[in-house]
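Reader: I would like to learn how to read a model of a single chain, starting with its contacts. Please give the general idea each time, then the case at hand.

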Amino acid sequence: IANKIPSWHSKAIDSRYFLLLPVMVNKVAVGLIYADMKEPKKLQITNKQLSMLRTLRNQVVLAIKQKT
């Protein structure tokens, strides 16, 4: 995965570990939810927390769809 991370990210953000949840509307990526951590194993998310993040993402998608 490291070779897919753009160089601007490494220069702008001092973090090696991150989570990305894409926000998709009608099969088009319109944004993402991002979390990061400098040290390994510090970004530990339980299944319940991941489910809540996905619910948040789904609510964002619904809000965007209502406005378009």
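**Reading the contacts, fold and burial**

Author: In this chain, residues 24 or more positions apart account for 35% of the contacts with a separation of 6 or more, where contact means heavy atoms within 4.5 Å. The model is predicted: local features need pLDDT of at least 70, side-chain atom pairs count only at pLDDT 80 or more, and totals for chains, interfaces and linings use all residues. Residues are numbered from 1 along each chain as its sequence is written, and side-chain values use heavy atoms, with hydrogens and water left out.

Reader: In what order do the elements of the chain run from the N terminus on?

Author: Helices (H or I, at least four residues) and strands (E, at least two) are DSSP runs, numbered from the N terminus. Here the order is α-β-β-α.

Reader: What does the radius of gyration of the chain say about how spread out it is?

Author: The radius is taken over C-alpha atoms, and the globule rule is 2.2 Å times the number of residues to the power 0.38. The chain has 14 Å, well over the 11 Å that the rule gives for 68 residues, so it is more spread out than a compact globule.

Reader: Is Arg57 buried or exposed?

Author: Buried means under 20% relative accessible area, exposed over 50%, and partly exposed in between (1.4 Å probe, protein chains only). Arg57, in helix α2 (residues 47–67), counts as buried because its relative accessibility is 18%. Its contacts, leaving out residues up to four places away in sequence, are Leu21, Pro22, Val23 and Ile33.

Reader: Which residues does Val30 touch, not counting those up to four places away in sequence?

Author: Val30 touches Val23, Val25 and Ile64 under that condition. Val30 lies in strand β2 (residues 28–37) and, at 45% relative accessibility, counts as partly exposed.
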